[in-house]
Structure formats: C-alpha cells, structure tokens
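Please view the model first.

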Amino acid sequence: MKTRAALVGGTSATLLILLLGSNVAIAAESQSLTLSFSGILTDIGSQTYRSSGGSLVSASVTAAGKTISLSSAHLEYSIDAKVQGNNVAGHATLQLKSHGAKSGEDTSPSQFSVAGRFDLTGIIPAVGFPITDPTNPLACLPNSCTSQIPGFLLGVGDLTLRFGNTRITLPSTPMLFESAYLNPFGGPIFIGTPDGSISIAAKYSSAISHWANVKTSGTVQAGTSDQGAFTLVSDLTENLLKGTETDRGKITLFGFASTPALNSAGEFKGKSVIPTAGEFDCTSTLTGQLNSIGLPLTLPPNTCTATGATSTGGFELSSAQGENEIKGTYVDNWFVPAIGFVGQATATIRGD
C-alpha cells in the first residue's frame, strides 16, 4: 500500500540524526563529520486528511436488480477527517451523475445518479503502530495498535440512487473511501461499499494531510565502539497530489558513553518528495488484505501504489550542558513502503 507515510511520510526528515560516524572527538575548534543513521516510525500522533475530486475512471453500481457500468460521468467527492490514535471523526460526500449509462444486458436509463453524505466512524489501516514485525505493517492488529495510518476511512450515511425515474434510498449505508496516502499523484482511489455492490475508481484534484506529534526512534552508532539512541517528534504536512512534504520537529540523542557531547537535543526542518523510482503496484496485495478481514472486494486496477520517500534538510543540536553545538544537513532514504529509513548527513561539531 502506498505508504509513503504518508509512511505517507513524511516523518523522514525527522530521522536524520542517527549517527554512525568515524571516531568522534569533540574539540574546542570545529570538526567535520560524516554521519549515517537508521530508524523506524513508532507512533503517528494526530492526523488530518482533506481531499476532493475529481474525475471518474470507472464505476459499477448494482442495485434493484440492475448493474450500471460507467466510464464517463460527472463525479464529485470530498473527505474531511481527523484521526487520533485508532479513532476517526469527520465526514465524506459523494455525488455521481451520468447520462446514457451502459447496463450489462439491461437497457440503460437515460439518467443515473448516486449521492450521499457519510459520517466517518471507522478505519481500515494501512499501517498499525507499534510495528512489531517489519515484514507485516499490520502485525499489531487486532488489539495492540496504539495508532494507525488509514488505508480506508469507513463512513455511514443515507445513499440515494436514481435510475431514470426510479429513486431508491438506502439508509445507513456503509461506504469506504480510500486514502490518497495509498496512491499519490492523483490516484485513482477506490470509493465503494464493503460488499462491492458499488465500486468507483476516481482521481482526486486535491489531497492534503497533516501529521502532528509523530514519533520515531532508533539506535545511533558513533564510530565503531560508542552506541546511543535517538527519539524524534515531528510535524509533517504532505501534498499527496504533488508528492511533496514539509518536515520539522525535535531531536534527542542519548546514551553515549565514550562521546558524551553527542548526548544532545535540538531541531530539524526540511522537505520530502515521493520518488517514482522503486514504486510498485500493490492493488492485488491490498485486495488480499481486505479479503482477509472478510470484505469480498476486488479493487479496481491501479488503485494502490507502494512508494518510498527521500527527505533532505538541516539540523541544529546542543549538548546537554550547552557547551557543544552540532549543525549539518541530511539525506534520508525511506524504504518501500516508507515505514523505516537509512540516511547520511554531514555535520560540524563546535565546542566551547
């Protein structure tokens, strides 16, 4: 799944300070270092998602004994969601209007439409935290996840369908809205019912996510003998249509015995981009995950793309007593999917 985070991410820039340099000696004058690092996301904090569109790729609607298939129609949808931990609040809307739809063996009505407004009540996660198995981003399910990145948002609302002059109202209808996190650069994404009776693939024209209080941790190696650890708390804003993100946050390094000046804290800021190199289609994998939790869906083609991310930026740290400063720039390379990373940085340490 498209984990940017999203894995998404964005938090990448955050992870820059995992230091693995050559022997670090803190002197009164400045010293240049090459740093290497690695880390993993541990908690996503709070998230907001706002997306809208769009343009129809395909749609299939089965109701009242009829199946309508569409490849051209007027489509509008919107998602406004806030996620905290494992819970979601917000709403989504959907409107699809067509003239001259194609209908299997049936004669198409001259007009067809689907419309509804849905209260968001649940999440089908793309990734759950903490990650207890690097090969399974949903290993913490069903009971031990403390936060989740949504793959799908589940809404419930009254749905109105119109076949020609026939109007059908379906009260309390569940509807899934795929997060743009799973398919950046405009989609398409899936919108439809859990039973597959409504299946829509749609491109989006806007998709902005904001993650706050995102936590990352990892180990830090300085030279060949001194090892420490780090934590990061990040704030990330991602434009999933463009595949870009702004990153900023706080860094803490601790646990260094041989080079205690590295026990420090400070801030970083930078940007991330979602590269197309290394991406792969994950639609069949995502369909399998939905089937494994009892949803009899076959997702439309090309509605999931797994990607990584590349983050660049700068950082400034001060040692615990303020006697040393560490400044530098970094490059983080996120895995596919983007739930962990490795990277390098160049830094200058200046002591009093």
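Buried means under 20% relative accessible area, exposed over 50%, and partly exposed in between (1.4 Å probe, protein chains only). By that scale K250 is exposed, because its relative accessibility is 51%. E267 is partly exposed, with a relative accessible area of 46%. D80 also counts as partly exposed, at 29% relative accessibility.

This is a predicted model: local features need pLDDT of at least 70, side-chain atom pairs count only at pLDDT 80 or more, and totals for chains, interfaces and linings use all residues. Residues are numbered from 1 along each chain as its sequence is written, and side-chain values use heavy atoms, with hydrogens and water left out.

**Salt bridges**

A salt bridge puts a side-chain nitrogen of Lys or Arg within 4 Å of a carboxyl oxygen of Asp or Glu. The whole structure holds 2 of them.

| Pair | N to O distance |
|---|---|
| D80 and R50 | 3.5 Å |
| K250 and E267 | 3.0 Å |

K250 lies in strand β13 (residues 244–254) and E267 in strand β14 (residues 264–273), 17 residues apart. Strands are DSSP runs (E, at least two residues), numbered from the N terminus.

**Nonpolar core**

A nonpolar core is a set of buried Ala, Val, Leu, Ile, Met, Phe, Trp, Tyr and Cys residues joined through side-chain atoms within 4.5 Å. The largest one has 86 residues. L94, L96, F152, I200 and F315 have the most contacts inside it. Contact means heavy atoms within 4.5 Å. Leaving aside residues up to four places away in sequence, L96 touches partners including L56, L70, F112, V114 and I200. H74 and S113 are also among them.

Key. Helix = DSSP H or I, 4+ residues; strand = E, 2+ residues; numbered from the N terminus.
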